[in-house]
Amino acid sequence: SDLGKPAAFLVYLWLAGEQSRRKSTVAISYQELAENTGLSRSAAQASVRWLVRRKLLTATKANATAVPEYIAQFPWRR
């Protein structure tokens, strides 16, 4: 669905900005991501899934229960 795109764009911009500021990956829970972007937790989660599928975001977890670490990708820079 296209409904997730504006939320996904917001999540992407926030994570890319945070990554740039920290100069490192961004480890953040869906709840914290939701609070920082003003989205619901489920919208934040759906946005992350959409961005990962579109290869605009890489998510890694140390283990099943760990907080994900995100890396914003910039495919147009290649």
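Strands (E, at least two residues) and helices (H or I, at least four) are DSSP runs, numbered from the N terminus.

This is a predicted model, in which local features need pLDDT of at least 70, side-chain atom pairs count only at pLDDT 80 or more, and totals for chains, interfaces and linings use all residues. Residues are numbered from 1 along each chain as its sequence is written, and side-chain values use heavy atoms, leaving out hydrogens and water.

**The sheet**

E3 belongs to an open sheet of three strands in the order E1-E3-E2, with antiparallel pairing. E1 and E2 stand at the edges with a single partner strand each, so one side of each has no neighbour in the sheet. Strands pair if DSSP finds at least two bridges between them.

| Strand | Residues | Bridges to E3 | Residue and its opposite in E3 |
|---|---|---|---|
| E1 | 26-27 | two | Ala27 and Glu69 |
| E2 | 57-60 | four | Thr60 and Glu69 |

**The helices**

Helix H2 (residues 30-37) packs against helix H3 (residues 41-53) at an angle of about 105 degrees, their axes 8 Å apart. H2 and H3 are therefore roughly perpendicular, a term for angles of 65 to 115 degrees. Tyr30, Gln31, Leu33 and Ala34 of H2 meet Arg41, Ala44, Gln45 and Val48 of H3 in this contact, where contact means heavy atoms within 4.5 Å.

Definitions and conventions: Axes fitted to C-alpha atoms, helices over the stretch in contact; angles between N-to-C directions. Parallel < 35°, antiparallel > 145°, perpendicular 65-115°, else oblique.
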